[in-house]
Structures are given as structure tokens and as C-alpha cells.
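Here is a friendly walk through one protein model, with its helices and charged pairs in view. Have the structure open as you read.

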Amino acid sequence: MSGNLPVQSVTADYAQRVADDLAANRSEQERVRSELARLQDELVRLEDSEQVLTKMQEVLGGTPKQTAKQRKSSKGAAVPAARGSNRKKVAGKAAAAAGRKGSKKTASPKKAGEPTWLELTTAYLGGQSEPRSAAEVSASLTEAHPERAVQVAVVRNSLEQGVAQGLLERSKQGRSVFYSPTAPASAPSGS
């Protein structure tokens, strides 16, 4: 029986280490959750403040175009949901925070029968003779579909999705990115 004593001791030591690591992990998760909640609250306050300042700026003499572009691109950023037992609580806070934002222009959900953004972007580029930037595509889609809230970030994501699926090609010219439809691969070579 004396041979079993060291094995039990080693097992007990490992069990204690695992228990300690698990406790440290849970403690760190809770710390990160509270930090995430604090940051989400701070983000909501900053967004509310931005809306007030934007309205004041409009009243005082208009909004510079650069500020408007920055607002549009910042709305696309999303905070991933927390994992674990508090997921619903943190997600609920995030949803409540999003509801408090009260943005002026919200994206309307796609209605049945409406084409997807990927379909719209590929169809538009299919009718063009030269590559277009995401901003040009979104401006054209805004004119063509005034009933839908067109956001450059959504259009850019749709364009990138088209590239990933092989429907579109991406080309760079300096720091600019342009998109065009892919050349049909099934075209016979000689008629």
C-alpha cells in the first residue's frame, strides 16, 4: 500500500492545480466581462455625446464630409458577445445600448423577394465597362435603390464576399481598391 501513496499525492497535487487554474480562469472571465460592460457603457455615452455634438455642429453651420464618413464607418464595428453563463446578460446590455443609440438612419431588413447586397453589387458591376470602387458602387446603389439604406461598409463586405466566391475581381491602383466582374471562364476560344 505504500506504493499507492505517491500516486495519490501526485493526483491530489494535479487536482489542486487544475482547481486553482479553473478558479483563476473564472476570475479572469468575470474581470473581462465587467471590463466589456464598462466599455460598452462608455461607448454608448460617447455615441450619445457624438449625436448631440453633431446636431450642434449642423445648427452652427453644417457637417464636414470627413466627420460624416467617419460616422458611417464606425457604425459597422461590432463587439463580439461574451462567452459563458453571462452571455445573455451581456448581450442584453449590448442590445439595450444599441437601442439607446437611436441612430437617424437604420438599415432596413431585407424584405422577401428583394435581391441581396451581393446580387445588387454583382449585377451593377456586370453592367459596367471599367472597375469601380466600393464608394462608387454604393453611391450608384443609393441612387438605384433609394428605399434601401445603403452603407459603404455593407457594400464593401458584399464586394469582398463576391471576390471570395469568385464572382468578382479585386484590383489595386495605389491605395485604392477597385472591383470588376470576373471574366467568363467557359467562353470557347475560337468561333
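E28 and R31 both sit in helix 1, three residues apart, which is about one turn of the helix. Helices here are DSSP runs of H or I with at least four residues, strands are runs of E with at least two, and both are numbered from the N terminus. The two side chains form a salt bridge, their closest N and O atoms being 2.6 Å apart. The term salt bridge stands for a side-chain nitrogen of Lys or Arg within 4 Å of a carboxyl oxygen of Asp or Glu.

A word on the model: it is predicted, so local features need pLDDT of at least 70 and side-chain atom pairs count only at pLDDT 80 or more, while totals for chains, interfaces and linings use all residues. Residues are numbered from 1 along each chain as its sequence is written, and side-chain values use heavy atoms, leaving out hydrogens and water.

| Pair | N to O distance | Spacing in helix 1 |
|---|---|---|
| E28 and R31 | 2.6 Å | three residues |
| R33 and E30 | 4.0 Å | three residues |
| R38 and E42 | 3.0 Å | four residues |

The whole structure has six salt bridges. R38 and E42 also belong to a salt-bridge network that includes E35.

How open are these side chains? Buried means under 20% relative accessible area, exposed over 50%, and partly exposed in between (1.4 Å probe, protein chains only). E28, at 38%, is partly exposed, and R31 is partly exposed at 45%.

Helix 1 spans residues 4–61 and also contains L60, which is exposed at 73% relative accessible area.

Now to the overall layout. The protein has six helices and two strands, running α-α-α-α-α-α-β-β from the N terminus. Of its 191 residues, 19% are buried.
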